[in-house]
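Hi everyone, thanks for coming. I'd like to walk you through a structure today, so please have a look at it before we start.

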Amino acid sequence: MRWSIAVPLILLVSLIPVTGNAYWITFVFGILIAYIVGQSWDWVAGEMGYVNLGHYLFFGIGAYVFSIALVAGWASPLAITAAILFVGFAAMLLAVPLFRLKGDYFAFATLALLPLAEVLAYNLTSITNGGDGIVLPAKQVLVQAYFVALAICIVCLLTTIKLTQSRFGYALRSIRNDEQVAETVGINIQPYKTKVLMLSAAFGAAAGSLQAWQLSYIDPVTVFGLNVALAAIAMVLFAGSGLRWGPLVGVVILASFQQWLMGNVKGYQAAIYGLIILLIGRYMPGGFLRAGWMKTTKIFSSLTKEHYEFVNNTEFDRPMVSGTKVVLPLGSVSYSSNSPLIELSNIRMQFGGNIAVNDVSLKINKGEIVGLIGPNGSGKTTLFNCISKVYEPSAGRILFDGKDLEKLSRDQVANLGVGRTFQIPRPFSDLTVQENIAIPLMFGHTNYSPERALREACAFLDYVDLSDHLKARADSLSIQGKKALEFARALACRPRLLLVDEVASGLTPAEVRRFAQHIREIRDDFGITIIWVEHIFSALEQVADRVIALEQGSVIADGTLAEVVRNERVLATYLGSTSVKQERG
Ligand code: ADP
Ligand code: MG
């Protein structure tokens, strides 16, 4: 934000009360409140991807706690603080059941909280005074409430700006993209979800308190009614949820328009308002700030920026290069020992009646490169999912460097040193290529600041030849690009065990050789143990110390590649399989 614009704007808004015009003060006050509600909603919805349609619950409860405290004779700053703390605590409790739900279920569950709260407010008469509502002590507080609201708006905006560049914000955006992947790169997501809901709730409560203070009267419909509850959300969606300036622009335009409609086209205003939102949803999904013509119109373009366009990372550490080889910033581990890094005993994974992995036991030593082969559907990917805790194995035990993985969560397993790629790439799609790599560096043991993580990400991207796409969105990469990105992201997790799932398929023979070279390098230079699922036998031949063959979930051969391809069961399984014929023939 440029101070040359912000300071005069804030001054201008501060001067409104000086006019003494109650209409204008109330009008702008309404916009300030709508901004606090809309923006705090957007931290959960736009940043984290959880559409909380019941956000107004926090507004309403805040309004009630504030009003009750004020009537009981508390000073107003104390009453607001009480409302914020109470609602923050309530959000912490609500986070537990709510975040078990996802997508539409989350949205509807949160929406259902509003009528529930309304009914409770009507019926808990001893606390809420039921339908009669609560009348606050009569005092002229409009100007006071106005300035407090303005101050909270500024804090709200600063929080939004801070979220763009902080680890907290990156945790939220990784959750928005793919929770499972966020965990497998080492992020413990639950605390972030709870914290952002509490933060959002606290601001909602502040807005509710101020609104109650200014109105000096509340009843269940004014604070929990659906027609008011969804307005602020609609305003954010209108301009652009998840954009830094989306909530502010949406609220200013639509709240002003609504006010104008109320004055000029009484009766039809709700219909016209609704129609506009429908049209935006139909023709400019994502909000009008995301429309092409907004981006290309010079005066508007700065309002349309996505979060990554604000991230200041113009200085890159050029990666260290020795000869022609990029040196990755990974610590080296000695791997001379013959001790096992991972030991699977009787691992079984069952989906209903389908046994995908059937009592697999195997041992892989530190520093080994193991090829994992088997026809499609033989359970290779499922085995990776069991090790990285994407699935909870139905039976069996996994020891990683002597530690039992049973009680550990996905992020703990990742932080212990298990890195992986996904057969069907799952990058954080709406983040940049560089951010995709930086995220694992911000969490887990490295714990880097976003600036440092973004700088260090460049070395990993150079290593996999993606440095030309640093600032591109990950979903704009080709399928091969995405696979390379996932490989680099898995390396950035600083794994001790790397699970590589068909990364080389689709590459040209020269590219496959280069990739096999990478696999060898990361083992030789950093002591990383590797399990590589690949159908291209010539690539495995180049680097694998050992090959394990699976068939229908069971290990049918384990030895050097030469031994395994002579194994009768392997031959029988692969007979007629094009991959072996091509390779061997
Ligand atoms: P591979 O990677 O060797 O091609 P997979 O591990 O993907 O094989 O699949 C092994 C078996 O497990 C297949 O029969 C597949 O349909 C089944 N499977 C894998 N994941 C699931 C799931 N989430 N639900 C049900 N069945 C699954
Ligand atoms: Mg697979």
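Which side chain meets that of arginine 426 in a salt bridge? The partner is aspartate 178, at 2.9 Å from N to O. By salt bridge I mean a side-chain nitrogen of Lys or Arg within 4 Å of a carboxyl oxygen of Asp or Glu. This pair links distant parts of the chain, 248 residues apart: arginine 426 sits in the loop between S10 and H20, and aspartate 178 in the loop between helix H8 (167–177) and helix H9 (179–184). Those labels are DSSP runs numbered from the N terminus, with helices (H or I) of at least four residues and strands (E) of at least two.

Before I go on, a word on where this comes from. This is a predicted model, in which local features need pLDDT of at least 70 and side-chain atom pairs count only at pLDDT 80 or more, while totals for chains, interfaces and linings use all residues. Residues are numbered from 1 along each chain as its sequence is written, chains are lettered from A and ligands numbered from 1 in the order in which they are written, and side-chain values use heavy atoms, leaving out hydrogens and water.

Back to our pair. Arginine 426 is partly exposed, at 23% relative accessibility, whereas aspartate 178 is buried, at 15%. Buried means under 20% relative accessible area, exposed over 50%, and partly exposed in between, using a 1.4 Å probe and protein chains only.

The count comes to 22 salt bridges. Another of them joins glutamate 179 and lysine 193, with the closest N and O atoms 3.1 Å apart. Glutamate 179 lies in helix H9 and lysine 193 in helix H10 (residues 189–215), so this pair ties together parts that are 14 residues apart in sequence. Both ends are buried: glutamate 179 has a relative accessible area of 13%, and lysine 193 has 1%.

A further salt bridge, between arginine 569 and glutamate 551, has its closest N and O atoms 3.2 Å apart. Here arginine 569 belongs to helix H26 (residues 568–574) and glutamate 551 to strand S13 (residues 546–551). Arginine 569 is partly exposed at 48%, and so is glutamate 551 at 21%.

Now the metal. Which residues coordinate the magnesium ion, ligand 2? They are Thr381, through OG1, and Gln423, through OE1, at 2.0 to 2.1 Å. Threonine 381 lies in helix H18 (residues 380–387) and glutamine 423 in the loop between strand S10 (418–420) and helix H20 (433–442), so the two tie together parts 42 residues apart in sequence. Donors are N, O and S atoms within 2.8 Å of the metal (3.2 Å for Na, K and Ca), and because water is not among the atoms, sites may look incomplete.

What about disulfides? The structure holds zero of them; the rule is a pair of cysteine sulfur atoms within 2.5 Å. Take cysteine 493: its sulfur is 17 Å from the closest cysteine sulfur, in cysteine 458, which is too far for a bond. Cysteine 493 is buried, with a relative accessible area of 11%.

One last stop, the backbone. Most residues other than glycine have a negative phi. Aspartate 401, though, has a positive phi of about 50°, and its place is in the loop between strand S8 (395–400) and strand S9 (403–404). Aspartate 465 has a positive phi too, near 60°, and lies in the loop between helix H21 (450–463) and helix H22 (479–492).
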